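Please look through the sequence and the structure that follow.

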Amino acid sequence: MKWHKKPLGNEEVSPHLERIFGRSDSRGILISASGFTDPAVTICKEALRDKVIVFCTLEEIVIVLERRLDLCLFLRTKINAAIIDKNPLHEPIAAGQM
């Protein structure tokens, strides 16, 4: 875990993706308090061809916990969006799915 002031870009995301690709049958979730850059989302979308990777903001996690929402359902919704829609940054709360 590291704290970044700026949204995470390829430089910060790539090492995490490399670790995921280095392990068989692995999936990944990257949580950021500062968000993600468009290039980081693009590289993650490309990686979704081979691995399941989800981007999540710290704000989303806080909202889920504060509202006592189902964390498993939240993550499952994000994972399904990554697999089906190739959207690693799906926001189920903002989309009214929670």
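Is Phe36 buried or exposed? Phe36 has a relative accessible area of 11%, so Phe36 is buried; buried means under 20% relative accessible area, exposed over 50%, and partly exposed in between, with a 1.4 Å probe and protein chains only. This is a predicted model, in which local features need pLDDT of at least 70, side-chain atom pairs count only at pLDDT 80 or more, and totals for chains, interfaces and linings use all residues. Residues are numbered from 1 along each chain as its sequence is written, and side-chain values use heavy atoms, with hydrogens and water left out.

The structure holds one aromatic pair. Its members are Phe36 and Phe55, with ring centres 4.1 Å apart and planes at 5°, so the pair is stacked (rings of Phe, Tyr and Trp, its six-membered ring, pair if their centres lie within 6.5 Å; planes under 30 degrees apart count as stacked, over 60 as edge-to-face and the rest as tilted). Phe36 lies in the loop between β1 and α2 (38-47), and Phe55 in strand β2 (residues 52-57), so the pair ties together parts 19 residues apart in sequence. Helices (H or I, at least four residues) and strands (E, at least two) are DSSP runs, numbered from the N terminus. Phe55 is buried too, at 0% relative accessibility.

There is also one salt bridge, meaning a side-chain nitrogen of Lys or Arg within 4 Å of a carboxyl oxygen of Asp or Glu. Glu60 forms it with Lys78, and the closest N and O atoms are 3.2 Å apart. Because Glu60 lies in helix α3 and Lys78 in helix α4 (residues 71-84), this pair ties together parts 18 residues apart in sequence. Both Glu60 and Lys78 are buried.
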